[in-house]
Protein chains: 2
Amino acid sequence: MAADPVETRNALARALSPRSVALVGASERSSASAAVLAALRDYGYTGELHLVNRRGEPVGGQVTHRRLADIGGPVDLALVMVPAAGVPGVIAECAQLGVGAAVVFSSGFAEVGAQGRVLQAELAAARRGSGPRLLGPNAEGFLNLVDGVAASFSSSVEFTRLAADLGISGRDGGAPTPQDVIERARGTVAVVAQSGGLAFSLFRRGLARGMGFSRVLSTGNEADLAMADVLDYLVEDPHTRVVLAYLEGLRDPRRFVATAARARERGTALVVAKVGRSPAGARAALSHTGHLAGDEAAYQAVFDRHGVVSVRDADEMLDAGLALSLNPRSAGNRAAIVSLSGGNAVWMADACAEAGIELSPLEETSSERIRAMLPAFASTTNPVDVSGEPGVPPAEVLAAIADDPGLDILVLITTLARPSRLEVDRPALERLRKGPKPILLTTYTDPDPTCTATLRELGIPVYPNTRRCAWAAAALAATATTTDVHDPAPDLRGLNLGGTLAEWRNAQTGDSVPEYRVGRLLRQAGVPVAAGSLAIDADEAVSIAAELGGPVALKLQSAGVAHKAKVGAVALGVEGAAAVRSAFAAVTSAVAAPGLAVDGVLVQRMVPTGVEVIVGVQNASGFGPMVLVGIGGGLVEVVGRTELHPAPLGPAAALKLLRRLRLDRLHPDDPQCTTLLPLAALVSRVSAIAVELGDELEELDLNPVILGRDGDVTVVDALAVLSPPG
Amino acid sequence: MAADPVETRNALARALSPRSVALVGASERSSASAAVLAALRDYGYTGELHLVNRRGEPVGGQVTHRRLADIGGPVDLALVMVPAAGVPGVIAECAQLGVGAAVVFSSGFAEVGAQGRVLQAELAAARRGSGPRLLGPNAEGFLNLVDGVAASFSSSVEFTRLAADLGISGRDGGAPTPQDVIERARGTVAVVAQSGGLAFSLFRRGLARGMGFSRVLSTGNEADLAMADVLDYLVEDPHTRVVLAYLEGLRDPRRFVATAARARERGTALVVAKVGRSPAGARAALSHTGHLAGDEAAYQAVFDRHGVVSVRDADEMLDAGLALSLNPRSAGNRAAIVSLSGGNAVWMADACAEAGIELSPLEETSSERIRAMLPAFASTTNPVDVSGEPGVPPAEVLAAIADDPGLDILVLITTLARPSRLEVDRPALERLRKGPKPILLTTYTDPDPTCTATLRELGIPVYPNTRRCAWAAAALAATATTTDVHDPAPDLRGLNLGGTLAEWRNAQTGDSVPEYRVGRLLRQAGVPVAAGSLAIDADEAVSIAAELGGPVALKLQSAGVAHKAKVGAVALGVEGAAAVRSAFAAVTSAVAAPGLAVDGVLVQRMVPTGVEVIVGVQNASGFGPMVLVGIGGGLVEVVGRTELHPAPLGPAAALKLLRRLRLDRLHPDDPQCTTLLPLAALVSRVSAIAVELGDELEELDLNPVILGRDGDVTVVDALAVLSPPG
């Protein structure tokens with residue numbers, strides 16, 4: 001089924017810009033047929049257009065063919081709107097005739113239940129092999145503003161209404177031409193959604209906000225081409241700089257990771273709404289990590305890792321799209337704010353703190369420059385409050401500090417109630433727009449339409465409140481052009497950890513690997529584990545304990561007992577031969593399951609108390625192995641503070657996670673966090689183990705890892721879960 | 001300074017609805033003067049109007065007086081717009097003449113720095129005693145739509161422009177009359193902000209959204225009347241049901257608590273934007289609780305306790321105001337969603353989960369009713385997805401389940417792109433509007449103006465995206481008409497805890513009270529504390545240890561050593577006479593501060609390990625004592641999971657806090673949380689102690705409280721900090 005990605009991209013390119021189109025199901029009596037024909041014409045499609053009507057009745061004055069085969073020439077794109085039951089037949093015909101692609105508008109497939117699912121399977125089968133690539137069924141088609149091809153019956157695409165809503169008239173006051181509309185609506189933003197309603201409503205609302213679009217696509221039920229295919233195409237599309245995607249789920253999460261990485265490489269911003277964010281819950285996981293690293297967290301970790309902007313509603317999507325499509329890429333997250341209103345400056349500062357936007361102090365030269373411009377009582381620190389109507393336009397104040405090397409993003413807070421007010425700021429805004437830094441503007445009054453038009457013309461994005469503006473700044477920061485710091489995870493390739501895992505496979509009856517085996521692998525990989533050995537009988541336990549010295553722990557080792565402490569198969573703080581002997585007896589008799597394979601008892605040196613941390617690996621999200629770090633040891637699910645990151649990650653990235661967990665607060669006198677470096681190194685090393693073991697490993701829990709007062713780390717318990725074979 | 005609240009309310013009422021107004025600083029050459037005169041006239045002010053111009057030049061064709069005294073009759077309200085330096089003199093004149101109140105528009109006071117602050121102090125002094133109550137200086141005045149009095153030069157109030165923006169024309173196509181505008185703009189929402197720009201921009205934006213207003217006020221620099229006075233007035237105002245307030249800070253937080261309680265009693269909703277939400281940081285606190293319970297958390301706890309809706313930006317404020325002013329009060333947080341679009345139904349479900357809105361399952365009879373209305377493949381569980389265009393209008397589907405007793409809030413997701421679509425839903429919406437439950441509508445397309453007008457006429461609030469709609473539902477839920485459950489804290493009045501505190505005062509040199517003393521008070525109040533006694537010498541320590549049996553802890557007790565463990569003045573797990581003796585020596589010699597007053601060494605029975613919890617009291621926010629509960633014991637600041645609640649609180653409220661901390665996850669097999677009842681009782685008891693000790697107590701830390709496996713609780717360490725005397 002999996003087609004070559006280059007072929008898929010080419011097929012989509014051909015479908016979006018066809019030289020020959022056939023409308024199958026054209027009919028004088030169908031409003032959808034009329035709407036599609038009007039859209040093709042109105043947006044300036046100039047290629048061949050064939051109509052197929054099974055009765056051969058003329059449509060819109062044009063002759064029709066009874067069957068596709070009657071066209072007698074090549075067809076790049078079939079637009080299919082016959083009743084559902086007839087669609088598989090049409091697609092089979094397309095396959096015979098070598099039609100490149102088909103948009104299936106018809107509904108009545110998987111979305112209507114079991115019977116429809118059967119029909120959809122037939123449809124997929126009909127195209128398999130040399131058949132056309134499909135968008136749909138149950139799709140609303142697409143709009144390609146780069147080439148002027150509208151293949152949709154969506155009322156949002158309807159030309160006259162669109163032109164009227166945008167206030168576009170023709171050059172001599174006549175009807176607007178395709179060029180008139182396309183000039184205004186074309187831009188670098190692409191939208192893709194499974195739901196056509198959503199895709200086209202985002203398009204319309206984006207136009208109203210001043211965005212321009214390259215392509216708008218709905219994938220419908222995705223019997224063939226899916227979200228991932230379209231994303232892959234759009235990321236490579238030279239006409240697209242920002243992609244807005246509404247995502248319900250991914251069939252192949254790793255492919256999304258590759259697409260996201262490629263997007264960042266090309267400077268294309270991905271803005272994704274991942275819906276269905278309810279907690280994972282359903283998954284039956286043996287380890288804490290498995291429980292904690294739900295799908296939602298995995299998606300977010302991947303988004304964070306690859307600079308994908310994650311949005312929670314349509315407004316956030318448009319807010320981000322606007323900021324990213326009108327602005328150059330930001331270099332970072334440090335913003336300057338100049339405000340005409342003191343109250344709104346305070347509000348904005350709060351909003352920036354919430355959104356992770358830094359209001360860095362101005363350089364002394366910048367401060368001096370604006371002090372000279374403003375009344376003595378104005379605030380000349382960031383945020384700059386120009387205090388009502390100063391003698392100088394606020395945008396000039398912003399321009400005066402724009403070159404400050406400590407600033408990445410420029411924000412103006414003003415009122416757009418009067419065009420005259422904006423005209424005063426206009427020259428400075430024009431200069432700022434030509435500069436290398438992104439600009440955002442937020443108004444605390446409902447904007448006057450003239451002001452909105454002026455700012456659209458200037459290409460400056462406007463936000464109706466401070467929090468949305470701060471959030472848009474965060475979207476700029478998320479896709480910032482930071483070059484990846486060299487921060488490699490340890491290279492464990494020479495250690496043959498895979499061999500150790502193969503041994504586990506051979507030795508185990510189940511999927512759960514007991515602590516003593518995991519401990520050996522961890523030591524092999526250089527991870528510090530509490531000293532100890534496996535004892536087969538009480539005598540051996542006594543001698544191991546004597547060798548270790550001091551109090552020891554005894555723990556039953558069996559693949560069938562994943563949670564030893566829960567069933568009383570663990571004894572802690574045992575000291576002296578007699579005590580070790582009786583603990584051995586207690587631990588080995590704790591589980592009375594007939595046929596339970598017991599490997600022995602792990603005798604381990606007790607580790608001084610410290611902060612209990614969990615370090616784990618989860619590999620069920622489909623994105624590849626993810627590393628989890630959390631606070632609380634056995635209580636991690638109550639404490640609820642965990643961080644997730646795709647593996648591998650270097651020590652510097654790991655340290656960032658530890659800071660986010662606020663572990664830096666353990667040592668307020670150590671701002672560089674040197675005390676946390678051993679733990680960061682351990683996390684990075686575990687991520688390298690995860691990469692080495694790959695998909696063979698489903699879950700790994702090091703829990704607790706004891707973090708000592710001086711930063712020393714020791715793994716005190718460990719559990720691995722292997723993926724089911726095959 | 002503190003005036004009688006009833007007098008203050010009466011003074012505000014008189015100022016807002018004056019029978020006689022004097023404009024001091026009226027001038028032919030001042031645009032502000034012209035704007036205020038026009039506003040008074042245009043909004044229909046019909047009382048006496050006197051103009052004061054120091055040269056006696058006529059203004060707008062009307063004769064003027066040179067001085068207030070020349071008016072020769074009573075003046076209810078003076079509107080003052082003379083230059084700053086002249087204002088104190090005018091106010092002194094007002095005082096002599098018995099003018100009721102003055103709005104000081106003039107700027108140039110505290111907002112311009114040190115010199116202005118001096119002038120503002122003069123102004124305040126000039127009114128003290130029998131002088132007029134002041135709004136301002138640096139205020140933009142007010143708008144009273146109940147009585148038709150506009151005393152403002154704000155351009156947002158400008159009549160012709162407002163009428164044009166609202167699309168209001170006169171009855172016969174002529175100029176609109178005051179009545180025409182007031183009919184459309186009047187409603188039950190009041191706005192108050194220190195910044196006039198903010199107050200009037202919220203008014204204008206609210207009008208555009210379909211809200212109606214009772215009063216709009218700006219308090220300016222608050223030389224006299226402050227936010228709290230205006231809130232107090234508005235809560236009692238029979239014409240106001242919703243108050244929107246932009247709050248920078250409170251001079252008297254307890255007064256706000258009383259106002260909020262009174263608002264809830266009267267069914268008036270308070271919607272508050274508290275700005276300046278940066279972490280407290282600055283406060284030097286001895287205890288963890290002091291550190292953790294910052295101002296922001298205290299505000300939020302008070303808001304939560306009293307049903308105040310807390311908003312973070314202007315849109316949230318308007319979203320909440322719209323939902324609350326157009327709807328009846330909600331009975332709870334359970335919403336039903338009916339959606340025309342599947343994608344948006346999923347999006348809304350996510351948004352509801354985020355906002356704490358419950359999508360409760362429909363009753364069987366409700367489900368049956370809508371199953372009969374919808375195609376077989378539509379989803380008839382909550383959220384109900386009617387799947388495109390069903391045969392029946394979506395609003396009818398919503399109406400069919402509206403009576404379900406499990407639902408408090410009704411939500412319709414639809415498109416407002418076409419008036420014809422809305423007309424189909426209109427009859428059901430009209431019926432729903434007359435019902436007892438609040439309704440919200442969200443559109444996934446930019447609304448057609450006709451649709452907006454129709455819904456304004458119907459009185460149904462519209463939201464432009466799912467998250468804002470869910471958030472508005474949360475505002476309805478926050479102000480729900482839930483009757484307080486009888487959940488009293490223990491009554492500790494008979495115990496004379498105040499006497500114990502007085503003993504502390506007598507005994508201490510500093511403000512920090514050592515553990516053994518706090519422990520005695522806790523036992524006196526019925527809180528379980530680890531067994532132990534104070535030892536004066538090693539012999540006594542040995543005998544106490546023997547009596548306690550098993551391992552003990554030894555801890556130095558001194559008011560000068562608040563953090564014993566940090567300086568090595570604690571020994572844990574000490575067993576046997578010799579060990580106790582040497583621990584006693586170690587602990588007493590740990591701190592070598594000359595003149596340190598040491599009370600002895602607390603010898604305490606070791607408590608088995610368990611979950612470490614902190615229970616504390618903080619009393620620095622100004623709101624009265626607050627109880628804090630958190631996870632993590634000594635690590636609580638790293639773990640960062642704490643909850644705050646004003647004292648007192650009953651065990652049921654305490655249990656809610658413990659659930660929010662997710663401590664219920666410790667016992668997944670105990671959904672009723674009976675295991676947490678002893679801890680909840682302890683928290684409630686501590687809140688009663690806080691009430692008894694009142695403002696004498698600044699901070700109290702019980703940290704850790706050990707929560708045992710079976711739910712047993714024991715306080716293992718404690719610290720109290722007394723308020724500085726006086």
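This is a predicted model: local features need pLDDT of at least 70, side-chain atom pairs count only at pLDDT 80 or more; totals for chains, interfaces and linings use all residues.

**Overall architecture of chain A**

Chain A has a secondary structure of 25 helices and 28 strands.

- The C-alpha trace of chain A extends over about 105 × 80 × 40 Å along its principal axes.
- Chain A holds 726 residues, and 54% of them are buried.
- Of the contacts in chain A that link residues at least 6 apart in sequence, 73% are between residues at least 24 apart.
- Four domains are assigned in chain A: domain 1 (5–240), domain 2 (330–478), domain 3 (531–606) and domain 4 (611–722).
- The centres of domain 1 and domain 3 of chain A, taken over C-alpha atoms, are 68 Å apart.

**Relation between the two copies**

- In general, a rotation about an axis and a shift along it relate two copies of a chain.

**Interface between chains A and B**

- Contacts between the chains involve 50 residues of chain A and 50 residues of chain B.
- On the side of chain A that touches chain B, the elements giving two or more residues are α7 (196–209), α12 (314–326), α13 (342–355), α18 (466–478) and α23 (636–639) of chain A.
- The element that gives the most to this side of chain A is α13(A), with seven residues.
- Sorted by class, the side of chain A that touches chain B comprises 22 nonpolar, 14 polar and 14 charged residues.
- The copies meet through the same surface, because 100% of the interface residues of chain A are interface residues in chain B as well.

- Strand β11 (residues 269–274) of chain B is largely enclosed by the rest of the structure, because six of its six residues are buried. The cut-off for a buried residue is 20 or more other C-beta atoms within 10 Å of its own.
- In a regular strand, side chains alternate between the two faces of the sheet.
- In β11(B), B:Ala269, B:Val271 and B:Ala273 point one way, while B:Leu270, B:Val272 and B:Lys274 point the other way; all are buried.
- Strand β10 (residues 242–247) of chain B runs parallel to β11(B) and is joined to it by six bridges. B:Lys274 of β11(B) is the bridge partner of B:Leu247.
- A right-handed β-α-β unit is made by β10(B), helix α9 (residues 253–266) of chain B and β11(B).
- Strand β12 (residues 309–311) of chain B also pairs with β11(B), in the parallel sense and over three bridges. B:Val311 of β12(B) is the bridge partner of B:Ala273.

**Residue A:Ala538**

- A:Ala538 is located in helix α21 (residues 538–548) of chain A.
- This residue counts as partly exposed, because A:Ala538 has 18 C-beta neighbours inside 10 Å.
- Leaving aside residues up to four places away in sequence, A:Ala538 touches A:Arg581, A:Phe584 and A:Ala585.
- A:Arg581 is 43 residues from A:Ala538 in sequence, yet the two lie 5.5 Å apart in space, C-alpha to C-alpha.

Technical notes: Residues are numbered from 1 along each chain as its sequence is written. Chains are lettered from A and ligands numbered from 1 in the order in which they are written. A residue is buried if 20 or more other C-beta atoms lie within 10 Å of its own, exposed if 12 or fewer, and partly exposed in between; C-beta atoms are placed from the backbone. Helices (H or I, at least four residues) and strands (E, at least two) are DSSP runs, numbered from the N terminus. Two strands pair if DSSP finds at least two bridges between them. A crossover is right-handed if, with the strands pointing away from the viewer, the path from the first strand over the helix to the second runs clockwise. Two residues are in contact if their C-beta atoms, placed from the backbone, lie within 7 Å. Ala, Val, Leu, Ile, Met, Phe, Trp, Tyr, Cys and Pro count as nonpolar, Asp, Glu, Lys and Arg as charged, and the others, Gly among them, as polar. Domain bounds come from an automatic or database domain assignment.
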